[in-house]
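Student: I have a two-chain model to study. Can we go through it step by step?

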Amino acid sequence: MGRNTIELDIKVPNQTRYLSLIGRIGDALARELEEEGGGREVLADQLNVVLTEAMSNAILHAHDDDPDKTVHISLSISDHELCIRVFDQGRGFDLDAVGEPDDEGAREHGRGLFIIRCVMDVVTYRRSKGFNVLEMRKKLR
Amino acid sequence: MEIAVTENSGVTILTPMNERLDAHNSDTLKGAMKESFEAGAKNVLVDLSNVRFIDSSGLGALVSGFKNSVSHRGRLTLSGLQEQVRSMFELTRLHRVFEIYEGLDEALASFAEGDVHG
């Protein structure tokens, strides 16, 4: 682990009431990063929304809103890269089947993964050791 | 989530009081917009000035309200978008779908003039 690397491993009940806590942890973490000549407001908002979207996807879709399940999130942030992993035990989904939102049709759902993909550089979803892992990476400058 | 409901010159103003509009609380706003249109309101304004953070569920709730406005031949406008909220509308291109005003006064004036654009 590098000198300026922060790693967090978080497990919370599968309940949307914890979205705010997780989002705010991301927000606070981004603000801890040093950046020459300015703050990290944009990154703080981005980390907040990505964590919120990824976690609500796990809670509502992968875990069918079952309050007895647990969501596991791991965060690693260094001077150069941010990596978020969200683990679920659900049936999984096809990341490639998620398209862009249709602004003319104005659908109610289906913007969460689109937002994650816009903000992060690399997004993958795979099966690993009995879990599904949504992995999201972003280069930091 | 608490939503303040007020009336001003025939406009129903819904003001979410929380800083966050996300998958945990967006159904409350969705329900409040639906109830307003079903109760016969034609002009509904959602004042987002307290909301510092919105996610896709919050955006989805507003889209649902927009659909209610269309099906009831009414009008839904938004005002008071903070920075993160505005950037989410732009990212998802929903700023092209909604009638968005800078502040409450501009939004209310648009109802008084009977403006409809979009």
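Tutor: Start with a term. A salt bridge is a side-chain nitrogen of Lys or Arg within 4 Å of a carboxyl oxygen of Asp or Glu. Keep in mind that this is a predicted model.

Student: How far apart are the N and O atoms of Glu108(A) and Lys30(B)?

Tutor: Side chains of opposite charge can pair when their charged atoms come close. The cut-off here is 4 Å. Glu108(A) and Lys30(B) meet in a salt bridge, with an N to O distance of 2.9 Å.

Student: Where in each chain do Glu108(A) and Lys30(B) lie?

Tutor: The pair crosses between chains. Glu108(A) sits in the loop between β3 and α3 of chain A. Lys30(B) belongs to chain B, in helix α1, residues 26–38.

Student: How many salt bridges does the rule find across the interface of chain B and chain A?

Tutor: Take the whole structure to begin with. Over all chains there are 14 salt bridges. Across the interface of chain B and chain A, the rule finds one.

Student: Which element gives the largest share of the side of chain B that touches chain A?

Tutor: Look at the elements that supply at least two residues each. In chain B they are β5 (53–54), α2 (56–71) and α3 (83–91). The largest share is six residues, and it comes from α2(B).

Student: How many residues of the side of chain B that touches chain A are nonpolar?

Tutor: In all, 22 residues of chain B are in contact with 24 residues of chain A. On chain B's side, seven are charged and six are polar. The nonpolar ones number nine.

Student: What area do chain B and chain A bury between them?

Tutor: The size of an interface is often given as the accessible area lost when the parts come together. Here 57% of that area is on carbon and sulfur atoms. The buried area is about 2000 Å².

Student: At what angle do α2 and α3 of chain A pack?

Tutor: Two packed helices are described by the angle between their axes and the distance between the axes. For α2(A), residues 41–62, and α3(A), residues 112–119, the axes are 9 Å apart. Their crossing is left-handed. The angle is about 145°.

Key: Residues numbered from 1 in each chain as written. Chains lettered and ligands numbered in written order. Predicted model: local features only at pLDDT ≥ 70, side-chain atom pairs only at ≥ 80, totals over all residues. Heavy atoms only, no water. Contact = heavy atoms within 4.5 Å. Buried area = accessible area lost by both parts, 1.4 Å probe. Helix = DSSP H or I, 4+ residues; strand = E, 2+ residues; numbered from the N terminus. Nonpolar A, V, L, I, M, F, W, Y, C, P; charged D, E, K, R; others polar. Axes fitted to C-alpha atoms, helices over the stretch in contact; angles between N-to-C directions. Left-handed = near helix turned anticlockwise from the far one by under 90°.
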